[in-house]
Amino acid sequence: MEVKKRSSSSSLSDGKIRMIQGAILALALTIFLGNLMMWVIMPTFTYYQKWVPALLAATNSTFFDIQGPIMMNFTLPILFIAVLGCIYVHLEKQKSDSVTSYCNKDWLKVLKKPKIMKPLGIVTWIELFFLAMFIILCVWYFSAFVYFHYSTITTYAATKGVQVWQARIDRLALVIGLTGNICLTFLFYPVSRGSSILPLLGLTSEGSIKYHIWLGHIAMTLFTIHGLLFILFWAVSGRLHEMLKWDPHYISNVPGEIGLLVGLILWITTFPAIRRRMFELFFYTHYLYILFMAFFLLHTGMFYACIMLPGFFLFLIDRYLRFLQSKQKVSLVSARVLTCETFELNFSKIPGLEYSPTSVMFLNVPSISKLQWHPFTVTSNSNLESDTISVVIKCEGSWTKKLYDVISLPSPVDRLEVSVEGPYGPVSTHFLSHFNHRHDTLVLISGGSGITPFISIIRELIYMSSTLKCNTPKILLVSVFKNSSQFSMLDLLLPLSGTPSGCSNLDLQIEAYITRENEPAPEKPEPLRTVLFKPNHSDAPITPILGQNNWLWLAAIISSSFALYLLFVGLLYQYYVYPMDHGTNKVFPYHTRALFNMLFIAVSIVIAASAVFLWNKKKSARETKQIQDMADSTKSLNSLLAYADQELESLPQQSLNKSIKTYYGQRPDLKRILLEVKGASVGVVASGPKTLRHDVAAICSSGLVENLHFESISFTW
């Protein structure tokens, strides 16, 4: 197949890049399987009677003591995979293919078929397979540890001074807590927005939130049972005083109880009935994860916590980088206000900031709330709009309503202070490339504000059709709106500026359904209103947080921060822990070790990430200054305003309007539409309310036709 090329400065050909990426994936998979084997072996006699003594003998050191082999087995492998992931993603961005090869395997089609399960929502067979594997791991871990501890239960009961049945409750409570730690180990990977591990699996953070929710529910269920069983054991054995025990040389009960109480408060607010009605309560209580993790480390000690350390370590790096980015006030250039309480915000960005369709950006407006951050879909295209990045916001809560009121005033403010995090999304800038090779037709089905991710997809296809001269699939956009005022959202399909004259080459059909009106409104709808802002000199365009080679810099941060952490821990053990444990009758307290480890982790990440951030900030200062000078010029603002006034009369917009069919007082017959779509392979993407996505998924998985391939875009939890 002949493939069009983008200009690229990469010295490696695409073929060599694919070979290197294949080797990276193979190495990462090998390391992960080895790490998984350690999880499988850990709850067995083989591990404790043979492996642990051998590991301690091989790593006998005054620097790390028993913490050394645990980090070597469970922490280092995952962090090394994260570094490999950074290199893999960096190479992915160097590819010059505008169309990537796609292997259309029949068995892969079957595994990607959607299935609707009430507790889980829309899932694929692949997701169900990995979920089943995870549950099998948890069941094995639980049963093997029960067998391990129950085999010596009589001896343990005599040592503890309790009856055997009471000892069984004690050991069962311990094993359930250990099983919950497996969920905690994987809990933070899905919420690391700049993760280098998720792209290795073809995932994004936004699409993986559901895994975080599943793991959180399972973990808190197990931890709650763990705590209740221990309280039961203390009650039946007459040891309730142990609830107040803080053992400096073993598991401490008090921090475990505090951590469980904090976790329960956090957990309760995550249920949909509370989260959707009281989002601010959910948002603020979720910060309790900091206390939860601190008391977890004080409860278990650092030895065992090293098992779950890599996921949390990577999350902390990601969280601190987001903090550094959020401290910069960005340049808000303009806004476009629609009649349906929807508006588009346009920010200045440097041309080197590239992102993929369906990306998400988090916004904070201090004048409304200094703490609240809200995610919004990026609707602009980094190829068509090199100097701006846009998001569309619909009023669906108190925060968005307050922001709309500020922007839609007859005399809006000259400047609005905004901070951003992101954008985050699919790694490859060739997000839609496989559609060209895989599908003849692309059906986009949206409900209400669910059209926003499709705006970025259509703009990318416009770019591929007009600039790259690629063959693009036929596009059918089915949009469902409540009333005709929301119909104006279709005016956002074309960018504010830079619309290629050749966008008419795109085979685009739009079917708009207005469900609550039986006929067009008698009055002509108001046109979009453009509001221009005057940024301060302190405002800056949005830049990549770690510069153009951000993934390589992230690999450097992961490596150097962990090396610093090991250095600090080694010095602590060499000069304080080892001499005390081996030279006197005293033992260095577990909770003090945990506190020092927490401090070292925080300091190491701050030093490494801050150094890289400041270095890249200094390098990008000149480019930022040039963009600020352009934004300050009156000529630039006047030309933007003139374009905005003429935009709706442009030829591309007229061509777009001709492709729209409007239906009033009815909902789309999705089954008929999908079954009538022609083409050997039809891609179906649904975005919007859960019922809409479930209906589309049910049709695609019904087996009535074999040419439908479903994907879901959901930004609601």
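**Helix packing, a surface patch and backbone features**

Helix H1 (residues 14-41) and helix H3 (residues 67-94) have axes that come within 9 Å and cross at roughly 165 degrees. H1 is therefore roughly antiparallel to H3 (angles over 145 degrees count as roughly antiparallel). The crossing of H1 and H3 is left-handed. Axes are lines fitted to C-alpha atoms, for helices over the stretch in contact, and angles run from 0 to 180 degrees between N-to-C directions. Helices (at least four residues) and strands (at least two) are DSSP runs, numbered from the N terminus.

The model is predicted, with local features needing pLDDT of at least 70 and side-chain atom pairs counting only at pLDDT 80 or more, while totals for chains, interfaces and linings use all residues. Residues are numbered from 1 along each chain as its sequence is written, and side-chain values use heavy atoms, with hydrogens and water left out.

On the surface, a nonpolar patch is formed by Phe-129, Phe-130, Met-133 and Ile-136, which together have about 450 Å² of accessible area. Met-133 belongs to helix H5 (residues 125-150) and is partly exposed, at 44% relative accessibility. Patch residues have over 30% relative accessible area and no salt bridge, and nonpolar side chains are joined within 5 Å.

Two residues other than glycine have positive phi. Glu-341, with phi near 55 degrees, lies in the loop between strand E3 (332-337) and strand E4 (342-348). Thr-358, with phi of about 70 degrees, is in the loop between E4 and strand E5 (360-364). Glu-341 is partly exposed at 34% relative accessible area, whereas Thr-358 is buried at 11% (buried: under 20%; exposed: over 50%; partly exposed: in between; 1.4 Å probe, protein chains only).

A cis peptide bond, with omega about 5 degrees, joins Gly-422 and Pro-423. Pro-423 is in strand E8 (residues 419-424).

Note on methods:
Patch = residues over 30% accessible without salt bridge, like charges linked within 9 Å, V, L, I, M, F, W, Y side chains within 5 Å. Areas by Shrake-Rupley, 256 points an atom, 1.4 Å probe, with all protein chains shown as cover. Salt bridge = Lys/Arg side-chain N within 4 Å of Asp/Glu carboxyl O. Parallel < 35°, antiparallel > 145°, perpendicular 65-115°, else oblique. Left-handed = near helix turned anticlockwise from the far one by under 90°.
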